[in-house]
Amino acid sequence: MEMLGGLDYSQPSDAVVVRKALEQRDTNYQAVVEIFVGRKSCQILLMKQDYGARFRRQMDQDIINIEPPHPYQKIIVALMASHKAHHADVSQHIAKCDAMRLYESGVGKSGRIDEAVVLEILSKRSIPQLKLMFSCYKHIYGHDYTKSLKKENSGEFEDAFRSVIKCMCSPAKYYAKRLQSRKIKGLESSDGGASSTMVMASRAAGVDLDEIVRVLRKKYGLELREAINL
């Protein structure tokens, strides 16, 4: 058991979380995204090995073979490739170039974003490099990239991409929103509900659990125990 915010939570392995997410009638893409965004490449490798040993299956193929295809699935496949091509160093120059490519791929024109450009960038850059890219975008264009997506005629891909960016760049706000949504909707799902959300947050690199509690309290007027229905 692990203590988070003074509360106990069970700790299913990431491999088990992914398998359960994929087995649900409506695939729990957010749970899978949270793992691929919040883990280091070495952790992803170990998780895949654990998945294969536990279930005698290949995680990559299970995700690729999901039917029917979904925008989240495309993004997760790109993130899987990103972890395989992981580079420890980050480059300011590459981040600026990628930020301008993002702008030119759709935000700077009418219509939706170019999915191919987005997926190419996601598949070739590490998570730290992607975070730097979104930071450079804000510096160059004066606003977050997610706000640019809202201005377009957003479809399912844009909505999924926006959620992934929030998980990556604003994890405290992302997880606080997830907890608040579960509270409002009264969700108690097979993934363990709100307590599972806190476990996922605790494992994500660079996530400040105390900041999640502060956001919950300030933005939603909720204490952690209220959010998880204790």
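Helices, to which the legends below refer by number, are DSSP runs of H or I with at least four residues, numbered from the N terminus.

**View 1. Confidence along the predicted chain.** This is a predicted model, and its chain averages a pLDDT of 83, with 78% of the residues scoring at least 70. Among the elements of the chain, helix α4, which covers residues 59-64, has the highest mean pLDDT, at 96, whereas strand β2, made of residues 7-9, has the lowest, at 40. Over residues 1-10 the pLDDT stays under 50, although the model has 28 contacts for this stretch beyond four places in sequence. Where pLDDT is low, the predicted coordinates should not be read in detail.

View 2. The residues K147, K150, K166, K173, K177 and K219 form a positive surface patch.

**View 3. A salt bridge between R19 and D62.** A search of the whole structure finds 15 salt bridges, and one of them joins R19 with D62, where the closest N and O atoms are 3.2 Å apart. Because R19 lies in helix α1 (residues 14-23) and D62 in helix α4, the pair ties together parts that are 43 residues apart in sequence.

View 4. In the loop between α3 (41-55) and α4 lies R56, whose phi is near 55°, a positive value in a residue other than glycine. The loop between α4 and α5 (71-84) holds P68, and the peptide bond leading from E67 to P68 is cis, with omega near -5°.

Definitions and conventions: Residues numbered from 1 in each chain as written. Predicted model: local features only at pLDDT ≥ 70, side-chain atom pairs only at ≥ 80, totals over all residues. Heavy atoms only, no water. pLDDT = per-residue confidence, 0-100. Helix = DSSP H or I, 4+ residues; strand = E, 2+ residues; numbered from the N terminus. Contact = heavy atoms within 4.5 Å. Patch = residues over 30% accessible without salt bridge, like charges linked within 9 Å, V, L, I, M, F, W, Y side chains within 5 Å. Areas by Shrake-Rupley, 256 points an atom, 1.4 Å probe, with all protein chains shown as cover. Salt bridge = Lys/Arg side-chain N within 4 Å of Asp/Glu carboxyl O. Lys, Arg positive; Asp, Glu negative; His and termini not counted. Charge placed at Lys NZ, Arg CZ, Asp CG, Glu CD.
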